[in-house]
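Reader: I'd like to learn how to read this model feature by feature. Could you walk me through it, starting with a single residue?

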Amino acid sequence: MIEVKNLNKSYGDFVAIRDVSFTAEQGQILGFLGPNGAGKTTTMRIITGFMPATSGSVLIDGLDSFRQSLEARRRIGYLPESPPLYNEMRVRGYLRFVAKLRGVERSQVEDAVAHVVNACGLQAVADRICGQLSKGYRQRVGLAQALIHNPPVLVLDEPTIGLDPRQIHEIRELIRGFAKDRTVVLSTHILPEVSQICDKVVIINEGRVVLEESLAKIPAGTSLEDLFLSTIAKEHHEPIDAEETLEEVGAGHA
Amino acid sequence: MRNTLTIAAKELQSYFVQPIAYVVMAVFLLLGGWFFFVLIRRFDLLMHIYAAMGNQQALQGLNLNEAVISPLLQDLSIVLVILVPAITMRTFAEEKRVGTYELLLTAPVRTGEIVAGKFLASATLVLIMIALSGIYPLILAIFGNPEMGVIGAAWLGMALLAVAFVSIGLFTSSLTQNQIIAAISCFGVLLLLYVISWPAELGSATLGDVLRYLALPEHFDQMIKGVIDTTDIVYFLSVILVALFLTQRSVESARWR
């Protein structure tokens, strides 16, 4: 599980995120929603230990991502915004490299590679060079490298961006398949994506969390789009009370 | 250690796949061959002139180590000043630009292991190149009788010099995501280390000594002549360690800035 507590991050004078807190339980897919530039990538980079927060903390299965960084990082699979492929390597060689880097036992590297190649549908391209792959396959290889060490926590930064509708569908199916006993955080600015695959939604705007709510609790008649637009339109400087917002949106629909 | 070797193997492989390694080695050996040819021709010419003049003393004074090996290594060291930045410029800068830096820094791997892995790979490539340049003294040994001890010391000097260059290149690459900036700044530092002793005579004696100690040729030229002095070895090892330490700090700071 992931516990994000009171994260702040500023670059000089620019405040990227302020007081961001939320929790993702095991078995949950948390949709991290927000307009471009809201602080989604910054938050995910802090969760994965790529950069530090200015203040606040992140616990990965109870491990502090700053103080127990190596242990915490071992538990995370991470797909950054652009798939981190070495363009000169072949897909299989690349996955082998990531497996070793992620601490998979030498004797199990081949099994791990074979497993994600199957799971992510990479059989046809496993011996191709990463630099020659199409966008959809690059995204899949990115997902495969995030899964290779069978991590309990998955952090996916806009996993379906730039894909065609069929590819989006495939990637979503993949994520849903892997999510069962893991904690997944995925960021997106595609609203229907959240209602289709997520259990919980966190909406972030201008660096603040404006809504954290389980999708089951959102009334059936409420479109996520209305919810999103009404929460980010408020521009409150305090986190908005979810109940209140839901009532207002619900009322608008009635 | 395991992580270091994993990274080193992958880096070294990509040098050969890209194929930077072959281009760099070809350029180094082609230029080396040209210098070698010119120096041998010059040696041959001098020998004929001295013999024609009947100048036995000059003929005795003519020796392969001084007339061929030393100038050859001096020329090759200048080639290294240009080639090593080209080898190391991509190490960190490219990862940052392509986005694989996120993969590397979020993996359960220590910063020191990343730096060590990249250092090992680049140093290995450069050392392979220098080992291949051993063909020139080999040719001399077949057709003449150079002093092999001196040659050993000279090649050890060049190996240390090249590895020191690599460390500096890693450092400049860790500072930027632009490979050209990484290469040019490495080139600048290496060239500065070459010329830093030029004003040594102009200032105070102490300053002159400091500048002379910092200058690469002061140490390299000793080893080329076959003199292995601990001062010189310590100098090269210090450059390597300081540069690698700075690289580690620079990568680490990107992580916790």
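Reader: Is Tyr11(A) buried or exposed?

Author: Two notes on reading come before that. This is a predicted model, in which local features need pLDDT of at least 70 and side-chain atom pairs count only at pLDDT 80 or more, while totals for chains, interfaces and linings use all residues. Residues are numbered from 1 along each chain as its sequence is written, and chains are lettered from A and ligands numbered from 1 in the order in which they are written.

Author: Now the idea: a residue is buried if 20 or more other C-beta atoms lie within 10 Å of its own, exposed if 12 or fewer, and partly exposed in between, with C-beta atoms placed from the backbone. Tyr11(A) has 11 other C-beta atoms within 10 Å, so Tyr11(A) is exposed.

Reader: Which strand holds Tyr11(A), and what is the bridge partner of Tyr11(A) in E2(A)?

Author: In general, strands of a sheet pair through backbone hydrogen bonds, either parallel or antiparallel. Strands here are DSSP runs of E with at least two residues, helices are runs of H or I with at least four, and both are numbered from the N terminus. Two strands pair if DSSP finds at least two bridges between them. Tyr11(A) lies in strand E1 of chain A, and the bridge partner of Tyr11(A) in E2(A) is Phe14(A). E1(A), residues 2-11, pairs with E2(A) in the antiparallel sense over 7 bridges. Tyr11(A) also has its C-alpha atom 8.9 Å from that of Thr54(A), 43 residues apart along the chain.

Reader: In what order do the strands of that open sheet run, and which strands stand at the edges?

Author: The open sheet has 4 strands in the order E2-E1-E4-E5 of chain A, with antiparallel pairing. Strand E2 (14-24) and strand E5 (63-64) of chain A each have a single partner strand, so one side of each is left without a neighbour in the sheet.

Reader: Which helix packs on the sheet?

Author: Helix H1 (residues 40-47) of chain A does, touching E1, E2 and strand E4 (55-60) of chain A. Contact here asks that the C-beta atoms of two residues, placed from the backbone, lie within 7 Å. The direction of H1(A) makes about 120° with that of E1(A); axes are lines fitted to C-alpha atoms, for helices over the stretch in contact, and angles run from 0 to 180 degrees between N-to-C directions. H1(A) is mostly covered, with 7 of its 8 residues buried. Among them are Lys40(A), Arg45(A) and Ile47(A). Gly49(A), with a positive phi near 80°, follows H1(A).

Reader: How many residues lie between E9(A) and E10(A) in their hairpin?

Author: There are 2 residues between them, and Glu206(A) in the turn has a positive phi of about 45°. Strand E9 (residues 200-205) and strand E10 (residues 208-214) of chain A pair in the antiparallel sense over 6 bridges. Within this pairing, Ile204(A) has Val209(A) as its bridge partner in E10(A).

Reader: How is chain A divided into domains?

Author: The bounds come from an automatic or database domain assignment. Domain 1 is 2-75 + 154-253, and domain 2 is 84-151. Between them, 11 residues of domain 1 are in contact with 9 residues of domain 2. On the domain 1 side, H6(A) gives the most, with 4 residues.

Reader: What is the secondary structure of chain B, and at what angle do H2(B) and H7(B) cross?

Author: Chain B comes to 13 helices and 0 strands, whereas chain A has 9 helices and 10 strands. As a general idea, an α-helix has 3.6 residues a turn, so residues three or four places apart point the same way. The axes of helix H2 (residues 20-53) and helix H7 (residues 111-132) of chain B come within 10 Å and cross at roughly 35°. Ala21(B), Val24(B), Met25(B), Phe28(B) and Leu29(B) in H2(B) meet Leu125(B), Met129(B) and Leu132(B) in H7(B).

Reader: How many residues of chain A are in contact with chain B?

Author: 20 residues of chain A are in contact with 17 residues of chain B. Helix H2 (69-74), strand E6 (76-79) and helix H3 (91-101) of chain A each supply at least two residues of the chain A side.
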